[in-house]
There are 2 protein chains.
Amino acid sequence: MRSFCGERKIIEDLAEGRKTLWELLASYHWSLRDFIRTVNRLYEEGVIGSDGKYIYLRRPYARKGTFGSARCPRCLGRAVLPTGYGRLKRKFERLLTGRPKPVIRFFQGYMRPGDVLARIALMHSYDDVEDRSIILVGDDDLVSLALALTQLPRRITVLDVDERLGEFIERVSKQEGLEVEFIVHDVRDPLPAELRKKFDVFVTDPLETVSGLKAFLARAACALKPYGSAGYFGLTTLEASFGKWLWLQRFLAQMNLAITDAIREHSSYPTKDYGIGFPYEEEILKRLKFKYDLPPNVDWYKSTFFRVVAVGRVKPPVCSKRIRLRVHDSDDVTWPGGERTVF
Amino acid sequence: MRSFCGERKIIEDLAEGRKTLWELLASYHWSLRDFIRTVNRLYEEGVIGSDGKYIYLRRPYARKGTFGSARCPRCLGRAVLPTGYGRLKRKFERLLTGRPKPVIRFFQGYMRPGDVLARIALMHSYDDVEDRSIILVGDDDLVSLALALTQLPRRITVLDVDERLGEFIERVSKQEGLEVEFIVHDVRDPLPAELRKKFDVFVTDPLETVSGLKAFLARAACALKPYGSAGYFGLTTLEASFGKWLWLQRFLAQMNLAITDAIREHSSYPTKDYGIGFPYEEEILKRLKFKYDLPPNVDWYKSTFFRVVAVGRVKPPVCSKRIRLRVHDSDDVTWPGGERTVF
């Protein structure tokens, strides 16, 4: 069995100098639960210490050799970048100022605007934007508005349970002359019949419990045309164990969706800008074996961005049935072992 | 059904100015067969023309909006880059000068040295290098020597059918005081019993027929320890259809290997530097509907780099059986529809 996940990575990071908990977490590649376990263990063994703000090494650490690795400083690991987007970005950011604040009840939390544009750039590089019909299953990131600003898609449809989001999108669209269709829809419910097999592309950011992944991705898959249509979604290692990733890989394969890209740390979430706090941070701090009280100084919550492509017919397993959503499962760091069903 | 693959991408590329066939191909995201089909169709419809060296648009093309996308100019889309590797890279390049030339019989063709280091950087970022036991199933890229130069791995074992490669690796290792173990092994044969379940990490570049992928990846998986061990391999869209990608996704899931990264265009192959020609280029030119004779001016053959992680026990389906290798199958551009078995 493998040694504690990422122990050496944490030590190597600290060998460069003291770091905040959030800086360590931002470059950590395993789950939140593993992170807490590893940090606690290193603390109890006297390898690391903390003054409540910084974490530091308590013993000298000699690296073997000089070889190391780092995210690309230019694209931060996002590989494909937008071009010709200066005005668009300024406009998008201006439109976002009145956006609804994330609501914990809907598991919301939006990503950075620059990351939204990087998502659209990846989509563009695969010819999945211009003249395409695009459905967003959940859209508190407001990818729909950024897409509309490019003036490239043929149709943009947003499904979201949050009516505040609908009002915002409709108001902004009207004001700016953008065409975005909004439909209030609860992902637990089947996709409206008139939306099935109608779209070239889906974009979604699922709730990361098994039932959440199933609901969001099955609904999104129901919307796809067969043969070469594509889907994009985010997934974290923080909340979802690799067991869940493996389950998802099988689930996608059953639907005839082949993974073509999985880009680590593609999207980051500015939890400190939400102005509502963030439910995890407190839960993380509670589980530490040492006192720590610095609020996040970097974006530590990041997700891998996946692209899938339809090979032949798309075969969603549950097009017409209601799906029960569990908002926690045994992989969750915050309520480990606990499960809770919504409604 | 989707329109011709990448047609708009080719037109958009050409809207920036004339390009060589190889430049168009280098940024193309579908198969070689689709590329040839699309280029031929655009030529026959009078959309593009060629003077034998360059391809150009024959009609003006007005882009909608200004939004576009491009690979990150710094990392070329490789996301994670090596650090502290200046001396190592110079040494690696010096060692490579005497490397054996690729042999078509063994489907060889090595990647750029910088791409080898970028592979190792990704591995390093996941803590899959230092103190790890690493097996290379096939290694004409000589990743083994670059790994040895980092002085980080605990054990490096190379399996390859090409004895010339063994002689080269053994000679260089002796000369430089590096520890690399070489075993002559034909991937059609079962993995030697003493190597099974002994490694933390595998690296391989499979032959991209179904039997090739099966043989290389099953042998590599046989070598892995359970729980958290990892594998790395390259795969192209040029030679393998997304149907094959989907098959592979299922095959990996059956073995309990979860895909954690799929990085497009991570590795590029300097076919023009091999000094042997390259079997595809002639086959591509033969299939064009117009005269074209410029040799490659850019590296057009690129692959996606995958990382997989073992979830629980690794379950390779064919540990003890011989696997027949087919070197062509219906996805191949060069011999479409044809199949040929080796021996």
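Strand β4 of chain A, residues 80-83, pairs with β3(B) in the antiparallel sense over four bridges. Two strands pair if DSSP finds at least two bridges between them. Strands (E, at least two residues) and helices (H or I, at least four) are DSSP runs, numbered from the N terminus. Within this pairing, A:P82 stands opposite B:S69 in β3(B).

This is a predicted model, where local features need pLDDT of at least 70, side-chain atom pairs count only at pLDDT 80 or more, and totals for chains, interfaces and linings use all residues. Residues are numbered from 1 along each chain as its sequence is written, chains are lettered from A and ligands numbered from 1 in the order in which they are written, and side-chain values use heavy atoms, with hydrogens and water left out.

Now take the whole interface. In contact (heavy atoms within 4.5 Å) are 68 residues of chain B and 68 residues of chain A. The size of an interface is often given as the accessible area lost when the parts come together. Here the two chains bury about 6,100 Å² between them, 53% of it on carbon and sulfur atoms. That buried area is the accessible area (1.4 Å probe) lost on being put together, summed over both parts.

Charges meet here too. The interface of chain B and chain A holds eight salt bridges. A salt bridge is a side-chain nitrogen of Lys or Arg within 4 Å of a carboxyl oxygen of Asp or Glu. B:R8 and A:E130 form a salt bridge, at 3.9 Å from N to O.

Which elements of chain B give two or more residues to the side that touches chain A? Among them are α1 (7-15), β3 (68-71) and α9 (242-254). The largest share, eight residues, comes from α9(B).

Next, look within chain A. Over all chains, the count of salt bridges comes to 58. In one of chain A, A:R94 meets A:E176, with the closest N and O atoms 3.9 Å apart. A:R94 lies in helix α4 and A:E176 in helix α7, 82 residues apart.

Last come the disulfides. A disulfide is a covalent bond between the sulfur atoms of two cysteines. The cut-off here is sulfur atoms within 2.5 Å. The whole structure has two disulfides over all chains. A disulfide joins A:C222 to A:C319, S to S 2.0 Å. This pair links distant parts of the chain: A:C222 sits in helix α8, and A:C319 in the loop between β11 and β12, 97 residues apart.
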